[in-house]
Amino acid sequence: HSLIVFYSLIISFGILGNILIILVLSTKQMRNSFNLLLIVLSSFDILFITIAILDYGMARVFQWPFDYNSELYALLFPKFLYPVNNIIFNSSIFLTIVIAYERFNAVCRPHAYRDETVGTSTGRRVASYVVPTVVFSTVLNIPKFWETELVTIETSDDNGTTFTNSTSYTLTPLRNDPIYITYYINWTRLLLTGILPVALLVYFNTRIFKGIKYAHVKLNRNSSTNNEMNLAGVLVCIVIVFLLCHFPRLIINCAEFFMTNSISSCSNFMPPAWFLCLTSFMHWLLILNASTNFIIYCFIGNKFKAVLVEKIKCYITYLPRKYNSKSDEMKSAPEQDYIGLQKMENIFQNE
């Protein structure tokens, strides 16, 4: 029960934190291509956390809003929960790479970056990053829609007299095909969502870190340069947390790659205990990674902190004013009714 409470706190904090990120970064003073990309990333994180807790937490642990063994779950899992969650997850990975590339250009190629930003609008530039990322993630995960299929299972009661049909799902021949497992599930996932993202993020992060160090030592920085360096520092922290939280996933992908022959040859193959424990730990780390960006922005993002504090102060001062205005209206309402009655009495007396 304590573990469930801990999970619930992280998930609640993650959803609330990402909503606050979107509210702060969408203000006029925070509008730039980097922050708009972070808004999209926070949106993906909210969707990922929501589907993950709906699948791994609510349905499998609490049996709410539907049971893990119910027909509704059997209908949702094969064609929605499983493939859509993979699309969102991969979009989040690739978008992190895109954000790192955007900051790499801003820090390490400032002149070329400035020329690109002058010619195009911020929204169009962000769309040129986000749309290909989502399209590529969707195309990459199209086979996930055909890995499972719905089946009808006939079950009987204890006496064997009454038979009922129930809907469930099972793995398709495609999912059990050794070639599909080897080249798509193992090789593709290991390379495109594991090794390649880690290598690119390490490269961009190293170059950005060197650029920040160079700017601190050599350059006479103005306010615009300070802001660019601060945004780069935010990205460095995001990437470090990303790499730490995704490292167990990379280990699991490598282990699955070496266990391919055992999985293909044995229909009742059971992974070792450490693999199952690390998989559960991996799911927790992925949710944690999607929930911690708000903390990074609060500690590293100077402008983010200033805008957040300003919004909180405005909200705190707005609530008493709204309450006082409502109370004044309630107080003035009886007085207005009394004045109206007096006017009506005067009219009747004159008549």
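Predicted model: local features only at pLDDT ≥ 70, side-chain atom pairs only at ≥ 80, totals over all residues.

Student: Okay. How many helices and strands are there in the protein?

Tutor: Twelve helices and two strands. Going along the sequence, the order is α-α-α-α-α-β-β-α-α-α-α-α-α-α.

Student: And what share of the residues count as buried?

Tutor: 37% of the 351 residues. The accessible surface of the protein is about 20600 Å², and carbon and sulfur atoms account for 65% of that.

Student: What about contacts between residues at least 6 apart in sequence: what share join residues at least 24 apart?

Tutor: That share is 74%.

Student: Switching to the surface. Which residues make the nonpolar patch?

Tutor: V131, V135, V139, I142, W146 and L174 make it, and the patch covers about 540 Å².

Student: Which helix gives the most to the patch?

Tutor: Helix α5, residues 122–140, with three residues.

Student: And where is L174?

Tutor: L174 sits in helix α6, which spans residues 173–176. Its relative accessible area is 34%, so L174 counts as partly exposed.

Student: Now the charges. How many salt bridges does a search of the whole structure find?

Tutor: Four. One of them joins the side chains of E102 and R103, at 2.9 Å from N to O.

Student: Is E102 buried or exposed?

Tutor: Buried, because its relative accessibility is 1%. R103 is buried too, with a relative accessible area of 1%.

Student: What does R175 pair with?

Tutor: The side chain of R175 meets E147 in a salt bridge, 3.5 Å from N to O. R175 is in helix α6 and E147 is in the loop between α5 and β1 (148–156), so the pair ties together parts 28 residues apart in sequence.

Student: How accessible are R175 and E147?

Tutor: R175 is partly exposed, at 23% relative accessible area. E147 has 1% relative accessibility, so E147 counts as buried.

Student: Which residues does E147 contact, leaving aside neighbours within four places in sequence?

Tutor: E147 is in contact with Y82, T170, L171, T172, R175, Y180, Y184 and I185.

Student: And which residues are linked with E147 in a network of salt bridges?

Tutor: K144 and R175 are linked with E147 in that network.

Student: One more pair, then. What does E256 meet in a salt bridge?

Tutor: R189, with the side chains 2.2 Å apart from N to O. The pair links distant parts of the chain: E256 is in helix α8 (residues 223–258) and R189 is in helix α7 (residues 178–217), 67 residues apart.

Student: Why does E256 count as buried?

Tutor: Because its relative accessible area is 19%, and buried means under 20%. R189 comes out as partly exposed, with a relative accessible area of 29%.

Terms used:
Residues numbered from 1 in each chain as written. Heavy atoms only, no water. Helix = DSSP H or I, 4+ residues; strand = E, 2+ residues; numbered from the N terminus. Buried < 20%, exposed > 50% of the residue type's maximum accessible area, 1.4 Å probe, protein only. Contact = heavy atoms within 4.5 Å. Areas by Shrake-Rupley, 256 points an atom, 1.4 Å probe, with all protein chains shown as cover. Patch = residues over 30% accessible without salt bridge, like charges linked within 9 Å, V, L, I, M, F, W, Y side chains within 5 Å.
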